[in-house]
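Student: Can you walk me through this chain? I want to know what packs on what.
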Amino acid sequence: MSHRRSLRFSQSTCPVCGGKEVARDDLKGDLLCTNCGHIVTRTESRSVGKFDIAQHLKRNGKMTFPRLKEVTGASDDKLFGVLSGMESMDLVTQLAGQYSLTKKGQRWYRQRLGQEWGY
Ligand SMILES: [Zn+2]
């Protein structure tokens, strides 16, 4: 019988100690080395932009972190980084684990959409 833990182990290797026991914290989206405690940020994962996230939120309304991850195909740390940036810019708001666009975020999205279409 295998041990079940709240942390899921990822494929990453710790750049500090070389340990393979790097676990994912589902709440924060961080990757944490269980050997030395280093927070590992992966750089090889698919990138995601603010516009992508805004687009999904505009279409679907409120979305959870796992759902956003699913639709964007981004890794936890990438997605978490962009969402944090958007939160600090007041473009998205998070309530009870669900992200949604703020009024400012919706304006920002419309402006960006206009640029995409060359208006
Ligand atoms: Zn380590």
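**Contacts, core and sheet**

Tutor: Start with Leu57, which touches Met63, Val92, Tyr99, Ser100 and Leu101, leaving out residues up to four places away in sequence. Two residues are in contact if their C-beta atoms, placed from the backbone, lie within 7 Å.

Student: Where do the coordinates and the numbering come from?

Tutor: This is a predicted model, in which local features need pLDDT of at least 70 and side-chain atom pairs count only at pLDDT 80 or more, while totals for chains, interfaces and linings use all residues. Residues are numbered from 1 along each chain as its sequence is written.

Student: How many helices and strands are in the protein chain?

Tutor: The protein chain has four helices and seven strands, and along the sequence they follow the pattern β-β-β-β-α-β-α-α-β-β-α. Helices (H or I, at least four residues) and strands (E, at least two) are DSSP runs, numbered from the N terminus.

Student: What percentage of the 119 residues is buried?

Tutor: Buried residues make up 23% of the 119. A residue is buried if 20 or more other C-beta atoms lie within 10 Å of its own, exposed if 12 or fewer, and partly exposed in between, with C-beta atoms placed from the backbone.

Student: Which residues have the most contacts inside the largest nonpolar core?

Tutor: Ile53, Leu57, Leu83 and Val92 have the most contacts inside that core, which has 16 residues. H1, H3 and S7 are the elements that give two or more residues to this core. The largest share, four residues, comes from H3. A nonpolar core here is a set of buried Ala, Val, Leu, Ile, Met, Phe, Trp, Tyr and Cys residues joined through C-beta atoms within 7 Å. In soluble globular proteins, nonpolar side chains tend to be buried together.

Student: Which residues of H3 are buried?

Tutor: The buried residues of H3 are Asp76, Asp77, Lys78, Leu79, Val82, Leu83 and Met86. What covers them includes strand S2 (22-24), strand S3 (31-33), helix H1 (50-60), helix H2 (65-72), strand S6 (92-95) and strand S7 (98-101).

Student: And what comes after H3?

Tutor: Asp90 follows H3, in the loop between H3 and S6. Its phi is near 65°, a positive value in a residue other than glycine. Asp90 is exposed, with 12 other C-beta atoms within 10 Å.

Student: OK, new topic. What is the strand order in the open sheet of three strands?

Tutor: The order is S5-S7-S6, with antiparallel pairing. Strand S5 (63-64) and S6 stand at the edges, each with a single partner strand, so one side of each has no neighbour in the sheet. S5 and S7 pair over two bridges, and two strands count as paired if DSSP finds at least two bridges between them.

Student: Which helix packs on the sheet?

Tutor: H1 packs on the sheet, touching S5, S6 and S7, and its direction makes about 95° with that of S7. Axes are lines fitted to C-alpha atoms, for helices over the stretch in contact, and angles run from 0 to 180 degrees between N-to-C directions.

Student: One more. What does Gly19 touch?

Tutor: Gly19 touches Cys14, Cys33, Asn35 and Cys36, again not counting residues up to four places away in sequence. Gly19 lies in the loop between strand S1 (8-9) and S2, and is partly exposed, with 16 other C-beta atoms within 10 Å. The C-alpha atoms of Gly19 and Cys33 are separated by 7.1 Å, with the two residues 14 apart along the chain.
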